[in-house]
Amino acid sequence: MLVCVGSIAFDTVETPDRRAEEVLGGSATYFGFAASLFGPVGLVGVVGEDFPQEHLDAFERRGMDTAGVQRLPGRTFRWAGRYLDDMNVRQTTNLELNVFGEFDPVLSDAYRSGGYCFLANGSPAIQHRVLDQLRQPKLVLADTMNHWITDTRDEVLSMLRRVDGVIINDEEAMMLAGRSNLVGAARAVARLGPRIVVVKKGAHGSLLVADGNVFPLPAFPLEEVKDPTGAGDCFAGAFMGCLARGGDHSVAALRRAVFYGTLVASFNCEAFSVERLRTLTLDEVEQRGKLFADMLRL
Ligand code: AMP
């Protein structure tokens with residue numbers, strides 16, 4: 001079982017074309033929708049009293065187990081962001097932790113021994129608490145965020161020594177490594193502990209560094225991007241879903257997982273919130289995969 005520990009949120013998203021108010025979001029949400037295309041996934045998160053049961057039902061219908069989602073008194077986590085004309089640039093305009101501020105993830109026995117775990121963006125203290133609970137995991141990957149690297153650098157560094165891989169964006173890789181060349185930064189992050197380093201570059205694709213190998217992949221070219229929110233978490237969900245399904249963590253398998261991560265992330269950008277993901281099928285992903293492979297052929 002693939003387990004994801006992360007946020008479940010109401011997002012308010014503003015793009016140059018549209019504003020969507022309090023729509024379903026959160027790192028675990030996006031991860032779950034993407035990963036569930038490949039196999040079962042368990043979500044560990046927290047919601048408030050205001051979180052509709054119909055969203056939890058929608059998770060379950062897509063093959064996500066929500067037994068690890070706690071409901072606490074109070075309001076659900078809220079995040080708001082605005083994209084500039086260049087959709088690669090996003091400003092966070094509001095962050096209300098609410099019940100996410102009291103999040104203390106407790107994993108069931110089945111989840112502890114699930115084998116695969118993704119530590120989505122959250123404080124390194126929470127990530128350490130999850131790592132303490134895992135029993136002989138096969139593969140653990142983590143995300144982090146600029147403010148954790150700035151405010152709690154030592155805890156982030158000790159977390160990196162305990163995981164197999166990280167999936168982070170270019171800015172975070174540069175901050176961690178203290179250098180601006182991306183290949184150099186990714187290699188430097190790998191020297192901090194993780195065997196697998198995936199650096200996401202938004203519309204510019206991604207870069208995988210694993211066991212000294214470097215694998216760059218462009219993003220799937222989209223003519224219109226409606227809302228890139230959650231693309232990184234979708235990438236991570238499809239990446240880990242693909243690895244958990246195959247049980248193979250070789251460099252060849254990692255390259256394939258990057259390919260699927262890229263494809264699912266591209267679908268997510270075609271609509272606001274999780275609207276495109278709700279109906280997305282693995283068949284559609286495979287079809288786009290053929291098109292993408294054709295585009296990449298030399
Ligand atoms: P991404 O676009 O991949 O960076 O993911 C954006 C999602 O992460 C949104 O749905 C937000 O609700 C969620 N998010 C944003 N900031 C945080 C945070 N500080 N902690 C946890 N989740 C967050």
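An open sheet of nine strands, in the order β5-β4-β1-β8-β9-β10-β11-β12-β13 and with mixed pairing, is found in this predicted model. Strands (DSSP runs of E, at least two residues) and helices (DSSP runs of H or I, at least four residues) are numbered from the N terminus; two strands count as paired if DSSP finds at least two bridges between them. The edges are taken by β5 (64–71) and β13 (213–217), each of which has a single partner strand, so one side of each is left without a neighbour in the sheet. From one strand to the next, the twist averages 15 degrees; axes are lines fitted to C-alpha atoms, for helices over the stretch in contact, and angles run from 0 to 180 degrees between N-to-C directions.

Residues are numbered from 1 along each chain as its sequence is written. As the model is predicted, local features need pLDDT of at least 70, side-chain atom pairs count only at pLDDT 80 or more, and totals for chains, interfaces and linings use all residues, while side-chain values use heavy atoms, with hydrogens and water left out.

Both senses of pairing can be followed in the sheet. Strand β1 (residues 2–5) is parallel to β4 (residues 41–47), with four bridges between them; Leu2 has Val41 of β4 as its bridge partner. By contrast, β12 and β13 run antiparallel and are joined by five bridges, with Val209 opposite Val214 in β13. These two strands form a hairpin with two residues between them, and Asp211 in the turn has a positive phi of about 50 degrees.
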